[in-house]
Amino acid sequence: MLSRLRAPWPDSRAARLLGALSLLTCLCVIGMVAFVAVNAWPIFRYNGLSWLGPGGSIKTQIETMLASSGHPAASVFHLRAWPIIYGTLLVTVLAVAIALPLAVLCAVFIVELAPRRVRRVMVPVVRLLASVPSVIWGLIGVLVLVPYVGNHLITNSERDSLLGTVQLTGASLLVAVVVLALMIAPIMVALVCDALAAVPSSWREGAAALGVNRPRAIRAVNLRAIRPAIVAATVLATGRALGEAIMISMVSGSFFFAPRPGDGLTFFFEPLRTIASTLVDYREGISAPALNATLYALALLLLLSALVLSVGGYLIKQPLRRHQVIA
Amino acid sequence: MSGPLSESLPAAAVATRGRRSSVKTWRWGDRLAVLAAWGAGLFLCAVAAAVVLYMGYRGIQYLRPSLIFSRPAPGIKQNETGGFLDPLLGTALLTTIGIALAAPLAICSALWIVEYARDGRARQLSRVVESSIEIVAGTPDIVIALFGVALFQLHAFGFLSTTGEGGGVTGQSFLAAGAVMSLIALPPIFVATRDGLQAVPAQTREAAFALGKTRIATIRRVLLPRVRANVATGVTLGVSRIVADTAIVIVLLGDTLRFEPASSGLPVLRLLRGTGASLTSYVFDNSPAGEAGAPQKAYAAAFLLLVFVVLLNLAVQRIGSAQARSHGLAAGGLA
């Protein structure tokens, strides 16, 4: 037996072994969806799909769940999670809206405009920014930006206007959005840079021959050509933003509150919770059955949106592949 | 839009660099756009410099050798709570387990997809494998962590972690966290290896086949040595993913101050089945958001973490440029 293994392997056996190992990842993905869905089931059973909607106070609902134990009654499973879903959408949309123009401009700078020496610095800088751990972003956010916003930007009248509802400490939508935008911008820069660098130079030379100046040519030829890549980068960054848990949990105040656009500028200083940060904040409540189901239902929501986003990003990139603009 | 423009003009006839068009002829909108691009680039540089310099300043202010070499201890004041030796070793342990699981799996998947699964049903299956790796790469780490808890709390996996008094499996241990970490380290290793294999020209393989080598022998003797640098890049990226991750640690490693080995079993296994912490979870817990609230120690540990990340980044760059020199591959590009 042993000698058979030691002898040179026939290709068919190697192929089967490697194939089996490769399929392990598929199993993991299927297992992940299955496990999360099974654990989330009670929420769907008792609430249907209406747990995604608004109604009641999510704070009291979660606290009831946390207090229950053993076999909780059906009423304990009551959940209306709209405030945190709204919070997630708010943070994600705002952060992507800031990061997108920043990233596209920065990518144009790196690939088209920067002198070679500056470019040689920019590439590692963007790479480094993309790999700074989220806990470090969170630490800087909570120890530097949050006190600054709390002490200098929030006025006393703003504090008083929300007296009794929520305390404005500086841990806010604003800090979460700014830090999140800085976290996802480098990822987008990297993707847009790759696409820009792959645009055939003859296209731009053609534009130059027609008498188009450089900024025009960049806008009319290069950026137009890579539109699908920009969309794909946005989609990918949206996925990252949706799933960012640690940093947001640290800087957003961890308070069940949905910022109210009606409050004017104070809106940006209000604390909030996102789906991912709720998962972090209540990680120890996993032993309470009802809360366990809630956490997995929220995780399922994140998982499905991430799935949709990665499939979407893949499909969007296809036209570029056809033109071989993306390697 | 590729056709007429690129084909009808001889590229050599167009001088893009030779004579610069004067900025004075640009419209104001164009000038502003260029200015904004410069601004965006320099802004990101400034952010990176600010993060590194600020963390460096705080690190030099608070990091002492005694912090690195002493174990954490329960205490109320900051001078009673010890250092972060255990979290540091915890990070090393997690990285080792994660990479030991992820690297073989990722390399085997890449080999199978590029070298074997070329037609028929295998081709379709390989598409499925590729997209599932892409899905894993896009899944938030907190969701992967919750999946890990659900999985390792099964009684079948009780041997990986400790069993509580009620007979319930905690699902929290170095083995469980390391296994889940391998999932987040897998995509970068896979992508780097796959791209490296795809860049090897077909005639290299054909030459090996012509000499009578089987595919697997070609892989061992020709292809794997050829893509060593790609694998190294991928593994380094994987290590930096694991080192930087917090969510999986706080959910799956129990997030205890010190190593807490399981109560029975072989010496090393006890440690692996027990709980602990990592640098990231130490930073998280000591920040105002966590329970301990010792910002000075959080700064010190975060500085150490950032040093690791910077070193890993430098390593990736060194490997990349060395590879470009030896193979004549075009350097540049970012991802």
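Visitor: Where in chain A is confidence lowest, and where is it highest?
Guide: In chain A, the lowest confidence is in helix α1 (residues 2-6), with a mean pLDDT of 67, and the highest is in helix α4 (residues 82-113), at 94. pLDDT is the predictor's confidence in each residue, from 0 to 100. This is a predicted model, in which local features need pLDDT of at least 70 and side-chain atom pairs count only at pLDDT 80 or more, while totals for chains, interfaces and linings use all residues. Residues are numbered from 1 along each chain as its sequence is written, and chains are lettered from A and ligands numbered from 1 in the order in which they are written.

Visitor: What is the mean pLDDT for chain A?
Guide: The mean is 87, and 96% of the residues of chain A reach 70 or more.

Visitor: How many helices and strands are there in chain A?
Guide: Chain A has 14 helices and zero strands. Both are DSSP runs numbered from the N terminus (helices: H or I, at least four residues; strands: E, at least two).

Visitor: What share of chain A is buried?
Guide: Of its 327 residues, 53% are buried, meaning that 20 or more other C-beta atoms, placed from the backbone, lie within 10 Å of the residue's own.

Visitor: New topic. How many residues of chain B are in contact with chain A?
Guide: 83 residues of chain B are in contact with 90 of chain A; contact puts two C-beta atoms, placed from the backbone, within 7 Å.

Visitor: Which helix of chain B gives the most to that side?
Guide: Helix α2 (residues 28-62) of chain B does, with 15 residues.

Terms used:
Buried ≥ 20, exposed ≤ 12 C-beta atoms within 10 Å, placed from the backbone.
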